[in-house]
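Please keep the sequence and the structure in view while reading.

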Amino acid sequence: FCSPTRFVFGKNTESQAGELIKNHGGTKVLIQYGSGSVVRSGLLKRVTDSLEAAGIPYVTLGGAVPNPRLSLVYEGIALCKKEGVDFLLAVGGGSVIDSLKAIGYGMCYDGDVWDFYEGKAVPAACLPLGCVLTIAAAGSEMSASSVISNEEGWKQRGVNSDLCRARFAIMNPELTYTLPAYQTASGCVDILYHTIERYFSGGETVEPTDYMAEGLMRTMLEMAPKAIADPTDYESHAAIMWCGSLSHNGLTGPG
């Protein structure tokens with residue numbers, strides 16, 4: 001079990017992004033996001049206002065999609081090198097975070113970042129990154145994983161390294177209110193499967209870890225219908241968001 005990520009959980013926590021980045025030594029930031037919902041909702045402006053208040057310049061890169069693409073990773077690396085970026089911030093869900101992790105690897109490597117995903121090289125460094133989570137599902141905000149799709153041959157590969165773990169994760173459950181019911185439900189299923197995979201696999205039984213998994217599954221079965229029925233129910237969305245993080249990285253037994 002490893003959790004070097006600082007979790008900043010609760011309402012309006014996105015307003016702390018600038019100070020958190022400053023505390024981690026960031027002086028110029030790449031903000032990556034997805035399709036543009038963070039722009040329409042006003043979230044991106046709240047984040048950039050926070051950076052401006054902290055005196056931190058930034059550049060932005062949208063376009064991350066589910067099963068994030070290698071081409072956007074290349075674009076992000078080129079933009080970061082051109083602009084002198086030294087800190088990365090994801091505003092979105094797992095795909096945005098995974099894409100940003102790949103950019104972080106590429107910024108610290110002279111070769112092709114895809115080498116890491118093909119197993120031809122092992123990451124030795126990663127640019128520091130943080131995230132503002134907008135969907136509870138993949139657990140990338142806490143994990144050491146990054147999965148990228150290469151459009152050439154449509155290969156999907158992953159890299160696991162503690163180097164890419166987020167320095168901080170801003171988790172405001174209110175940011176998940178605007179998700180369509182289908183996306184909320186899909187995220188809940190993802191969290192359940194992460195938990196089930198760990199519950200039914202591995203070596204000998206470790207009771208405390210099993211009981212944690214059972215608690216997560218019970219919580220999801222109770223809270224998922226509530227969140228879908230009432231998109232503005234803070235307690236259910238908060239429980240689901242925390243379960244999403246723990247299901248991916250909180251269920252490793254001692255070994």
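A residue is called buried when its relative accessible area is under 20%, exposed when that value is over 50%, and partly exposed in between. The model discussed here is predicted, and the cut-offs above are applied to two of its residues further on.

**The sheet**

Six strands make up an open sheet with parallel pairing, and their order is β1-β8-β5-β4-β2-β3. At the edges stand β1 (6-9) and β3 (58-61), each of which pairs on one side only. On average, neighbouring strands of this sheet are turned by 15° against each other, direction ignored.

One pairing may be examined in detail. Strand β8 (residues 168-171) runs parallel to β1, and four bridges join the two. Which residue of β8 is the bridge partner of F9? The partner is M171.

**Helices on the sheet**

Helix α3 (residues 43-53) packs on the sheet, where it touches β2 (29-32), β3, β4 (87-92) and β5 (129-133). Helix α5 (residues 94-106) lies across β2, β4 and β5. The table gives the direction of each helix relative to one strand.

| Helix | Strand | Angle between directions |
|---|---|---|
| α3 (residues 43-53) | β2 | about 170° |
| α5 (residues 94-106) | β4 | about 165° |

**Backbone angles in two loops**

Most residues other than glycine have a negative phi. Against this background, two residues deserve attention. N12 is not a glycine, yet its phi is positive, near 65°; N12 is placed in the loop between β1 and α1 (17-23). W154, likewise a residue other than glycine, has a positive phi near 50°.

Is W154 buried or exposed? Its relative accessibility is 54%, and W154 therefore counts as exposed, since the cut-off for that class is over 50%.

**The start of the chain**

C2 belongs to the segment before β1. Because its relative accessibility is 29%, C2 counts as partly exposed. What does C2 touch, leaving aside its neighbours within four places in sequence? Its contacts are D162, R165 and N249.

Definitions and conventions:
Residues are numbered from 1 along each chain as its sequence is written. This is a predicted model: local features need pLDDT of at least 70, side-chain atom pairs count only at pLDDT 80 or more; totals for chains, interfaces and linings use all residues. Side-chain values use heavy atoms; hydrogens and water are left out. Two strands pair if DSSP finds at least two bridges between them. Axes are lines fitted to C-alpha atoms, for helices over the stretch in contact, and angles run from 0 to 180 degrees between N-to-C directions. Contact means heavy atoms within 4.5 Å. Buried means under 20% relative accessible area, exposed over 50%, partly exposed in between (1.4 Å probe, protein chains only).
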